[in-house]
Amino acid sequence: MPEMQLRLDSEKREAQGMPKVQDAIGHQLEVIKRYGASQVSRARLWRQQLRRRILEHYSEGTMKCLKCGFSDIRALCIDHVNGGGNRHRKEVGDGRLYRWLEKNGFPDGFQVLCHNCNAIKRNEEDMNAYSSAMRVLTR
């Protein structure tokens, strides 16, 4: 990554209360030194396997986006069917949704979408909420 871009990313992260990029990289190196590369690799593998189990379950084994059929696992995500994903993520903690889903026996109300379809859905929901608010205000 060019030095200028790295500096801008670091400043943006710092403004958001996150560690600088160099600090984050340093932290990763410290974790590897402390626990060993094999432990870090096992943790990464465990997270990948968990994610695969969740996506397989909610896609009924197809590993495809419910809307468009896209099947690249790197672009698939879990969507809250009835919305409320931000609120739910705050409740269970960032990065803990997949663990929560498995621990709670794969509850209903979730589906697999690609990131594009998820963004389109969110945009449509926002537009519908805006239209409803405008109708109320113009009465």
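Rings of Phe, Tyr and Trp (its six-membered ring) pair if their centres lie within 6.5 Å, with planes under 30 degrees apart called stacked, over 60 edge-to-face and the rest tilted.

## About the model

This is a predicted model, where local features need pLDDT of at least 70, side-chain atom pairs count only at pLDDT 80 or more, and totals for chains, interfaces and linings use all residues. Residues are numbered from 1 along each chain as its sequence is written, and side-chain values use heavy atoms, leaving out hydrogens and water.

## An aromatic cluster

Welcome to the rings: pairs between them join Y58, W100, F106 and F110 into a cluster. The model has three aromatic pairs. One of them, Y58 with F110, is edge-to-face, at 5.8 Å centre to centre and 65 degrees between the planes. This pair links distant parts of the chain, 52 residues apart: Y58 sits in helix α3 (residues 37-58) and F110 in strand β2 (residues 110-114). Here helices (H or I, at least four residues) and strands (E, at least two) are DSSP runs, numbered from the N terminus. Both Y58 and F110 are buried, meaning under 20% relative accessible area, while exposed is over 50% and partly exposed lies in between (1.4 Å probe, protein chains only).

## A salt-bridge network

A salt bridge puts a side-chain nitrogen of Lys or Arg within 4 Å of a carboxyl oxygen of Asp or Glu. Salt bridges link D79, K121 and E125 in a network. D79 and K121 come to 2.5 Å at their closest N and O atoms, and both are buried. K121 also meets E125 at 3.8 Å, N to O.
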